[in-house]
Amino acid sequence: MSADERAWWDDAVVYEVYPRSFADSNGDGVGDIAGVRSRLPYLSWLGVDAIWLTPFYPSPLADGGYDVSDYCDVDPLLGTLADFDALVAEARAHGIRVIIDLVPNHSSVNHPLFRAALAAGPGSRERARFIFRDAPGGEPPNNWPSQFGGPAWTRVPDGQWYLHLYDSSQPDWNWLDPDVPAFFEKVIRFWLDRDVAGLRVDVAHGLFKDPDLPDNPPAVPGLGPSAYRHRPELHALYRSWRSILDSYPPGVFPGRRTAIGEVWYDEPDTLRPYLEPGGLPQVFNFQLISAPWDTAALRAAIDATRSLAGGSRAPWVLGNHDVTRPVTRYARGEADDPERGERRARAAVLLLLALPGSAYIYQGEELGLPEVLALPPGARADPRFRRSGGERIGRDGCRVPLPWSAGGASFGFSGTSAGDPQASPWLPQPGDWGRRSVEAQRAEPGSFLSLYRAALRLRRGHPALGAGAMRWLDGVGSGSELLCFAREPGFIFAANLGRAPAALPPYREVLLASGEFGGGVLPPDTAAWLAG
Ligand code: NOJ
């Protein structure tokens with residue numbers, strides 16, 4: 001593709017919607033598709049280019065919907081296919097594209113094909129679609145762990161074991177069986193035919209397993225290549241998906257279709273084969289999630305991605321529904337300091353949106369929501385909490401339903417006709433959620449929400465923040481704690497990651513700043529967008 005054929009996703013800002021926690025249209029305490037639809041004007045006002053919906057398919061909800069029992073429908077709790085179509089059409093009217101989540105590593109135990117596999121018994125065609133094994137001696141076939149704790153194997157009454165890299169209710173598909181790719185091709189076309197703009201591919205590093213199922217060595221690297229991560233067979237599959245994506249007409253909204261892989265890694269270099277031409281258009285880079293708040297570390301983290309691909313093929317991200325919210329992450333230190341967390345999270349979003357390429361924002365980040373750590377154990381729904389016997393707190397704290405209004409029963413999360421009964425939100429909201437609500441922040445110039453909106457508007461209008469080249473500015477300012485780069489034409493980003501005020505390089509004008517400053521000196525934990 002030549003420079004003037006940039007794809008829409010090259011510098012898109014995508015907003016991740018966790019539907020059960022976004023907006024509840026019917027007062028049952030669970031967010032739904034009609035709720036997302038009702039908030040499209042907000043998303044358009046905020047200034048995002050696309051939304052990514054995490055799974056909304058029929059599911060027993062053992063893992064927040066990542067346990068799918070029907071890949072081609074909407075869970076009745078969340079609406080209908082007609083609601084989905086209406087959402088896509090209305091989003092389009094706002095110029096917003098819709099990306100959906102494809103979950104190809106595992107299904108739910110309730111999926112008809114898994115039920116058929118259980119019923120058909122050992123050695124059957126039906127069992128070949130999943131990973132069933134015999135194992136002598138009553139022990140699992142190998143030592144692989146479930147990502148949520150405990151072994152990755154569960155035994156069925158006839159004595160065979162099935163593999164589940166996640167919860168026991170999420171059996172892994174056998175991608176070496178030809179039925180499985182054929183099945184998913186149909187699923188992909190089903191949604192692309194409904195005008196979705198792209199797919200976020202869940203566990204994109206994990207679909208293929210070494211068929212010998214060898215034990216993990218004692219010191220297998222956490223997220224590096226192994227018998228079940230980053231297998232070479234993945235890439236032929238992704239090339240085949242790419243040709244499906246590319247077969248849709250580029251000239252009609254939503255335009256060329258994309259797919260973005262969720263690929264976790266220890267070393268960024270592991271992303272290299274995924275970025276070969278002809279594979280998935282994009283994979284996430286999680287560098288900003290893993291890097292500490294330190295100039296050298298952040299710079300190295302950013303350069304590692306840039307040397308591989310740049311942010312158009314490997315979008316930037318500060319958080320998602322699986323990791324501790326940035327405000328809380330950045331508060332951590334020798335002594336936790338919530339104000340520091342907020343200052344750094346504000347500076348971090350200016351970094352996120354100033355880097356070249358595409359960026360993803362997770363719902364509630366724009367409100368500066370913290371991780372809710374004090375959820376009652378009985379309310380927690382994450383299998384990671386359950387399977388670790390409560391030892392690992394899990395991810396519910398970043399999935400608490402959003403506050404839309406400053407007051408009211410669920411801070412505006414559940415909207416029903418006046419007087420109708422309302423169930424409580426499926427996860428309890430903290431008592432002070434109102435001051436963090438959209439309503440409270442919207443008219444407040446210094447709020448998180450105002451900062452996000454201003455940054456998104458500036459980004460859209462500034463020529464440097466699309467395709468503009470990036471170059472580090474070295475030896476500027478008062479010391480090594482200034483993270484500073486230029487984008488062409490005429491844009492400078494600077495963030496002070498140190499503990500003392502730092503002098504800025506010469507600039508013409510302040511376009512936006514994450515905190516107050518004056519006299520060309522940036523206080524600690526503050527970032528600025530400057531006209532150079
Ligand atoms: C990654 C998803 O983001 C996460 O929420 C889920 O639990 C696992 N994949 C398993 O599907």
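Which helices each supply at least two residues of the lining of the second largest cavity? They are α10 (326-329) and α14 (448-461); helices here are DSSP runs of H or I with at least four residues, strands are runs of E with at least two, and both are numbered from the N terminus. The model is predicted, so local features need pLDDT of at least 70 and side-chain atom pairs count only at pLDDT 80 or more, while totals for chains, interfaces and linings use all residues. Residues are numbered from 1 along each chain as its sequence is written, and side-chain values use heavy atoms, with hydrogens and water left out.

A cavity is a set of points where a 1.4 Å probe fits but cannot get out, and a pocket is an open set with protein on both sides within 12 Å along at least five of seven lines; lining residues have an atom within 4 Å of a point. Grid points are joined across faces, edges and corners, and a volume is the space filled by probe spheres set on the points.

The ligand sits in the largest pocket, where sitting means that more than half of the atoms of a molecule lie within 2 Å of the grid points. This pocket has a volume of about 400 Å³. Its lining has 21 residues, and Tyr-166, Glu-262, Trp-264, Asp-322 and Arg-384 lie nearest its centre. By class, the lining of the largest pocket has 7 nonpolar, 4 polar and 10 charged residues. In this scheme Ala, Val, Leu, Ile, Met, Phe, Trp, Tyr, Cys and Pro count as nonpolar, Asp, Glu, Lys and Arg as charged, and the others, Gly among them, as polar.

Around the ligand itself there are 13 residues, the closest being Asp-63, Asp-202, His-321, Asp-322 and Arg-395; a residue is near a molecule if one of its heavy atoms lies within 4 Å of it. This shell divides into 4 nonpolar, 2 polar and 7 charged residues. For Asp-202, an N or O atom of the side chain is 2.7 Å from a ligand oxygen. A polar side-chain atom of His-106 lies 2.9 Å from a ligand oxygen, and for Arg-200 the distance from a side-chain N or O atom is 3.0 Å. The protein covers 97% of the 300 Å² of accessible area that the ligand has on its own, by the Shrake-Rupley method with a 1.4 Å probe.

The second largest pocket has a volume of about 250 Å³. Of the 16 residues that line this pocket, Thr-328, Ala-331, Pro-338, Pro-370 and Leu-373 are the closest to its centre. Helices α10 and α11 (338-354) each give two or more residues to that lining. The lining of the second largest pocket divides into 8 nonpolar, 1 polar and 7 charged residues.

The largest cavity has a volume of about 60 Å³, and among its lining residues are His-235, Tyr-238, Arg-239 and Glu-276. Its lining has 5 nonpolar, 2 polar and 2 charged residues. The second largest cavity holds about 50 Å³ of space. Its lining includes Pro-326, Val-327, Phe-448 and Tyr-452, and by class it has 7 nonpolar, 1 polar and 1 charged residues.

The backbone also deserves a look. Most residues other than glycine have a negative phi, and most peptide bonds are trans. Val-203 has a positive phi of about 50° although it is not a glycine, and it lies in the loop between β7 (198-201) and α7. A cis peptide bond joins Phe-253 and Pro-254, with omega about 10°; Pro-254 is in the loop between α7 (234-246) and β8 (258-261). Another cis bond joins Glu-488 and Pro-489, with omega about 5°, and Pro-489 lies in the loop between β13 (482-487) and β14 (491-496).

Technical notes: Polar contact = N/O pair within 3.5 Å; in protein donor to acceptor, adjacent residues only side chain to side chain. 1 Å grid on protein atoms, 1.4 Å probe; cavity = no way out; pocket = protein on both sides within 12 Å on 5 of 7 lines; lining within 4 Å.
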